[in-house]
Every structure is written in structure tokens, then in C-alpha cells.
Amino acid sequence: MIKWFKIKLLAQKGLSCGKTRRQSADETWQDTMDSSPIMRWLLMALTAVVVFRIGSWGSSADAYEILVLSLMAVATMIILIPLTVREIWQSNQLLLLFIGMVLINFLLNYALQIYDDEMTIGGFPIPTLLVPCALAPMLASILISSHSGFICAFLVSLLSYIFMPSTPGIFLSSLLTGFGAAYFCIRIRHRSDLIMAGVKIGGIGLICALFLSILQEMPLGDLVFQAVWAIALGVITALFVSAIMPILEWMFERITDISWLELSDLNHPLIRRLASEAPGTYHHSINVARLSEAAADTIGANSALCRACCYFHDIGKLVKPQYFIENAQVDKNPHDNLTPSMSALIIISHVKEGVSIGIKNGLRQAIIDVIREHHGNSLVYYFYKRALQQKEDALEGGKIMGIREEDIPEVEEESFRYPGPIPQSRESAIISLADAIESSSRTLQNPTTQRIEDHVKMIIDSRINDGQLEESHLTFNELSLIRISFTRTLKSMLHARIEYPKDKKEPKSKVPKELRREKKQPKDSAPQPAAKMEDQPARPEA
């Protein structure tokens with residue numbers, strides 16, 4: 001409120017336009033709750049209570065025994081989650097999603113085990129050994145990570161084995177099915193891929209059911225029913241995951257690869273504006289997306305995220321597109337009439353303008369983070385050097401004009417740096433490097449393979465020396481793979497073309513036009529044929 005009154009007072013004095021730029025909100029109470037250790041331990045205590053209640057449902061076992069087993073199961077979670085999927089342990093929101101999926105899958109398995117005698121299909125009872133253990137691993141692998149999917153499969157199988165009357169064979173069957181679900185759901189990009197994953201999971205369940213049926217000497221009719229039920233269960237699980245996944249994405253603010261591909265649609269209103277108002281920036285963004293996507297695939301990062309974020313990373317240039325070299329006219333440079341500090345201010349402002357446009361158009365927070373981080377706090381080198389050169393010229397001229405050196409303003413490097421922050425993730429760092437490499441590659445003359453390799457290495461080394469990659473979690477081995485990928489992709493983008501030969505024009509005749517005019521024949525007369533040999537007079541004999 002106080003800030004609003006200050007802006008109004010400045011607007012009355014003519015010192016402000018009365019508008020404020022949209023920016024990311026500061027840390028809110030949701031962020032505090034998400035990282036609070038107290039909330040984390042309360043959530044684990046609530047998990048123990050829920051496990052105890054589910055284990056006590058319809059069970060004739062001693063309550064004390066169920067309580068001890070529940071505490072041991074939760075203790076296993078507390079030890080296993082921080083060691084394997086630390087990102088879940090550091091975020092209470094992700095921990096709630098993960099624990100919720102495990103408990104819901106365990107509850108579903110437990111309910112099917114209790115009511116298995118009452119539930120039939122075509123007169124055949126639903127097999128107890130074929131419970132949907134793939135539900136939580138599929139969701140965890142798609143919504144969080146593949147590692148979380150494997151841990152989720154283990155925890156669901158462990159809880160089912162502890163609290164349900166089962167055998168080691170059933171435990172191994174559910175474990176294999178869950179691991180298969182986590183594996184087949186790595187990098188799901190289309191909903192059809194999800195259905196195919198369900199069919200493959202059903203195949204694993206089918207193999208496990210056949211082995212267990214042989215051990216139990218099951219009748220042929222039950223064996224066929226179990227085979228059909230295994231395939232159907234995998235497909236049904238995949239359909240259910242496909243239906244519930246958008247709801248979980250919205251509730252827990254998660255973005256899957258399917259959503260990233262939907263955000264990569266070039267018909268998005270902002271992308272269409274970029275193509276029409278800043279065509280140079282549009283083509284630059286497309287090329288950066290090619291570089292980033294290939295590099296992300298090389299090191300196992302999220303390539304779909306990289307491609308979508310690259311399309312939007314320079315939308316701030318929509319405010320003043322003509323001030324950026326890729327959109328400037330050939331015969332007119334608007335920076336010629338500006339001081340280096342003012343030019344740098346306009347260049348730097350495209351980051352803040354991009355954040356404002358992104359928030360206004362409801363872009364995802366991950367895209368806005370990339371817009372803020374893709375330049376880090378790097379230096380606007382060209383205008384900084386130009387300002388230093390102008391200062392040197394002013395010093396030389398001041399000696400002649402008698403101007404004191406202290407009267408010439410200093411050139412502060414901080415005024416020519418982007419506000420940051422530096423990239424906070426591998427994907428953001430890849431986009432930052434690709435952006436710098438693609439824009440600077442336009443200055444390469446005769447781009448041979450060696451020049452491209454040296455250029456890519458120079459840009460990456462300069463970013464490392466400037467400290468722009470210190471918080472990106474990239475290793476030197478990954479940077480080496482990224483450099484090789486950038487070089488390979490850039491060579492395909494800057495490939496040489498042969499110069500096609502031009503048609504030679506016949507030289508003009510120097511004979512006057514009047515003399516080159518052919519003699520016209522009468523229309524009635526036919527053209528005279530050339531004289532034949534037999535028409536010639538005979539040579540007289542000697």
C-alpha cells in the first residue's frame with residue numbers, strides 16, 4: 001500500500017507513469033511451509049497414523065503388533081527417501097504427493113484383498129496376487145522422477161507384504177510389476193506412450209501370474225482368466241493415470257513432459273507475437289531450442305523443458321525489438337544516438353520485461369525462472385568496452401581542454417551486468433550457454449569445424465571463469481558432453497553451401513540494328529530450297 005502511494009505521488013509530479021512492472025512475488029508463507037522441518041515431521045507422524053489405521057482395518061492381529069510394524073515401515077521411509085530422492089525430502093509439497101500416492105496404492109491393494117471373495121468378473125473371483133501395484137510407481141515416475149518411481153514401487157510392495165496375507169512370490173510379483181511401471185514411464189511424452197506402457201506392465205504381470213499359477217497348480221480356466229486380467233489391469237491402470245494426472249499437476253504445481261510438449265506449441269499467442277514483431281528474435285529462439293534440446297538429451301536432462309523454455313526466454317524483447325541487433329534495420333542502428341550506459345540499460349531491461357510479460361500471460365514458474373536466469377549476472381561486454389573507450393577518449397580530450405580527471409564520471413562494471421540470479425538448474429544453465437553460443441556464432445566468418453569448436457569452448461570457458469555455472473549442478477564431464485553436442489549441432493546449422501554457377505549471357509552484337517535486320521520475304525512466296533548437287537551444271541569433259 002505504501003509503495004502504491006509513493007508511485008501516485010511521483011506520477012503527480014510527472015516523475016512516474018503510474019504503472020508498475022509485474023514481478024515474481026517474494027517468499028510467501030507457502031514457501032516457508034514447504035521447507036519447514038516441523039511440517040515434515042508432522043507429515044511423517046500423520047503417515048504412521050494412516051498406516052496403522054489401514055493395517056487395523058478388518059485385521060484380527062494385535063493392535064500393538066500393528067503399531068510396531070507401522071512405526072518400522074515409516075522409519076524405513078524416513079531413512080530411504082533422503083538417501084535416494086533428496087529432492088522429495090527437501091520439499092514438503094513433493095513429500096505429501098509422494099506419501100499420498102504410496103498410501104492410496106496401499107489402501108487400494110488392501111481393500112481388494114479384503115473384498116476379494118465378494119468381487120467377481122464373469123463368475124471368476126479377482127485374483128489376489130494381481131493387485132494394481134503399478135499405480136503409484138507410474139504416477140511418481142511421471143510427476144516427480146524415475147528414481148522416485150522405483151522407491152515408490154518398493155514401499156508399496158513392502159507395505160502390502162507386511163500387512164496383507166501374502167507369500168514371498170506375491171511380494172516379488174508386485175515388486176517386479178512396480179519396477180516395470182517406473183521403468184516404462186521414464187520420459188513419457190505422449191498419452192499414447194502411456195497406454196503402451198500399460199500394455200508392457202500388463203505383460204510383466206502376465207509372466208509373474210503364469211509362474212505363480214504353475215507353482216500353485218491352478219486350473220486352466222483360472223489360468224486363462226489371470227492372464228487376461230493381468231493385461232487388462234495394466235491398461236486400466238494406465239487409463240486411470242492418464243485421467244488423474246492433470247488434476248495432480250494442477251494441485252501440486254508439477255509439469256510433466258506431456259505438458260512441456262503442449263507448451264512448445266508455436267501457435268502460442270506470445271510466440272506468434274514474437275514471430276511477427278521480432279522475427280530475428282524468433283529465429284534466434286528456434287535455434288537456441290535446437291542446441292539446448294540436443295545437449296539436454298546428451299546428459300539426461302529434461303529436453304522437453306529446455307525446448308519450451310527456449311521459445312519464451314527472450315519475450316522481453318517484444319517491448320523494444322528494434323534495439324536488438326537481430327531485429328535492427330541494416331541501415332539504421334538506434335544505439336548510435338545513445339550513451340553506452342543507456343544502451344546497456346535497454347538491453348538488460350529485456351529480462352525484467354520478460355518476467356513481467358510471462359506473469360501477465362500466466363506462464364509456468366519454471367519458464368519465468370529461465371527468463372530470469374538465462375543471462376545470470378553476466379556482463380554486457382560490448383557496451384561496457386564502448387564506455388571504457390569513451391572514458392579514455394574523454395581523458396585524452398580533457399588534457400587538451402583542461403578538464404580535471406575527477407570530473408570525468410567513472411565506468412562502473414556493475415551498471416553493465418544483468419541482475420541475475422545465475423542459473424539454478426542444469427536445464428537453465430544449458431539454455432544460458434546455448435543462448436550465448438548461438439548469438440555469438442553469427443559473427444563467425446568461414447565457420448570451419450575447428451573454428452566452431454574453438455568458439456564453443458571459448459564461450460563455455462568464459463562462463464565458467466565468470467562464475468555463471470557455480471549453482472547449476474553441472475559436472476565437468478557433463479560440460480564436456482554439452483560442448484561436443486553444441487559443436488555438432490552448430491556445425492549442422494552453419495553448414496556451407498556450394499555456389500551455383502550462373503548462366504553466361506551472350507555478348508551483344510556491335511552490328512547496327514538496321515544491318516542485322518533480315519530481309520523479309522513475300523507472304524505468298526515459299527522459301528527457296530537450297531540447290532541440290534544434281535541441279536548444278538555438269539563439268540565439261542576434256
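Of the 542 residues in the protein chain, 41% count as buried, meaning under 20% relative accessible area with a 1.4 Å probe, protein chains only. This is a predicted model, where local features need pLDDT of at least 70, side-chain atom pairs count only at pLDDT 80 or more, and totals for chains, interfaces and linings use all residues. Residues are numbered from 1 along each chain as its sequence is written.

The chain has 22 helices and 2 strands, taken as DSSP runs (H or I, at least four residues; E, at least two) and numbered from the N terminus.

Now for helix 13, residues 269–277: its buried residues are Leu270, Ile271 and Leu274. Seen down the helix axis, they fall within an arc of 100°, so they line one face of helix 13; the arc is that of the directions from the axis to the C-beta atoms. On the other side of helix 13, Pro269, Arg272 and Ser276 are exposed, that is, over 50% relative accessible area. The cover over the buried residues includes these helices:

| Helix | Residues |
|---|---|
| helix 14 | 279–299 |
| helix 15 | 303–312 |
| helix 16 | 340–360 |

Helix 16 turns up again elsewhere: along with helix 18 (381–401), helix 19 (426–440) and helix 20 (449–465), helix 16 supplies at least two residues of the lining of the second largest pocket. Helix 20 gives the most, with 5 residues. The lining's residues divide into 15 nonpolar, 12 polar and 10 charged; Ala, Val, Leu, Ile, Met, Phe, Trp, Tyr, Cys and Pro count as nonpolar, Asp, Glu, Lys and Arg as charged, and the others, Gly among them, as polar.

Key:
Heavy atoms only, no water. Contact = heavy atoms within 4.5 Å.
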